[in-house]
Amino acid sequence: MRRVLTALAAISIAASVLPVAAQAQSGRQRGGGGQQQASGQDEAPRRAIRIAPLSRRANAGPCPYVKILYDAARYVEFEGERAAIANVGYTGEIENLTSDCQYRGDEPIRLDMRVLFQFGRGPQAAGDQRTYRYWVAVTERNSAILAKEYFDIPVNFAGQRTAAVTEDRTITIPRAEITTNGSNFEVLVGFDVTPDMAEFNRSGSRFRVNAGTTPVPATAAPTSE
């Protein structure tokens, strides 16, 4: 296993851009880099937003287990100490995640993810633009973190109250031996949250400011590769 840990130090993560597919068929779990949609129609009924699943591929073995870390699945800013909706600033939620992988022989594992984010502006939000940060981590299954990388999502609400962004990420996981397969690894995704935010999430409390409104196209904030 020491050889596995050494090889994983070389993990690399790449990004690509894909639009949100609001009408697409729901899949397992995955992530991508940022076409944005927004909405300000608060009276619209709740409508589930889904993302297209990634194509399934034949592999030499199972894929790594991919999941959203519960403590970091949501991002809620508060102005002041009281957790009340009147004090909510910017919010975010990882709403969906699909994934697939590919590897043969002694090749490294190529893991493709597609992640759907929902963002909101509460009463205390200061403006139309906000940059959120999230991370992707690779761990030895149910054990220590082997590699972790952070990514920024610049969001332009364009005068609306909510926005949706889809991110695609490709992760390459080296394999120390041909017998090492995807079941040895776990991939986690979450927002970069403060300890107070993580505790708020663990408590089961939630504020989804204007969540459920029907998104309409809006201008995505510029990103830098």
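Begin by selecting Asp168, which is found in strand S9 (residues 162-173); helices (H or I, at least four residues) and strands (E, at least two) are DSSP runs, numbered from the N terminus. The model on display is predicted: local features need pLDDT of at least 70, side-chain atom pairs count only at pLDDT 80 or more, and totals for chains, interfaces and linings use all residues. Residues are numbered from 1 along each chain as its sequence is written, and side-chain values use heavy atoms, with hydrogens and water left out.

Buried means under 20% relative accessible area, exposed over 50%, and partly exposed in between (1.4 Å probe, protein chains only).

**The whole chain**

Of the 225 residues, 45% are buried. Among contacts (heavy atoms within 4.5 Å) between residues at least 6 apart in sequence, 81% join residues at least 24 apart.

**The nonpolar core**

A nonpolar core is a set of buried Ala, Val, Leu, Ile, Met, Phe, Trp, Tyr and Cys residues joined through side-chain atoms within 4.5 Å. The largest one has 32 residues, and Met113, Phe119 and Val187 have the most contacts inside it. Two or more residues of this core come from each of strand S5 (88-102), S6, strand S7 (129-140), strand S8 (145-156), S9 and S10. S6 gives the largest share, six residues.

Now centre the view on Phe119.

**The aromatic rings**

How many aromatic pairs does a search of the whole structure find? There are eleven. Rings of Phe, Tyr and Trp (its six-membered ring) pair if their centres lie within 6.5 Å; planes under 30 degrees apart count as stacked, over 60 as edge-to-face and the rest as tilted. Phe117 and Phe119 form a stacked pair, with 5.8 Å between centres and 5° between the planes. Phe117 is buried because its relative accessibility is 0%, and Phe119 is buried because its value is 3%.

Select Phe191 as well: Phe117 and Phe191 pair edge-to-face, 5.7 Å centre to centre, with 65° between the planes. This pair links distant parts of the chain, as Phe117 lies in strand S6 (residues 109-121) and Phe191 in strand S10 (residues 185-191), 74 residues apart. Phe191 counts as buried because its relative accessibility is 1%. To see the cluster linked by ring pairs, show Tyr75, Phe117, Phe119, Tyr132, Tyr134, Phe151 and Phe191 together.

**Charges over rings**

A charge sits over a ring if NZ of Lys or CZ of Arg is within 6 Å of the ring centre and within 35 degrees of the ring normal. Arg130 lies over the face of Tyr132, 5.8 Å from the ring centre. The charged end of Lys148 is placed over the ring of Trp135, 4.5 Å from its centre.

**A last stop**

Finally, select Phe78 in strand S4 (residues 74-78). Phe78 is partly exposed because its relative accessibility is 25%.
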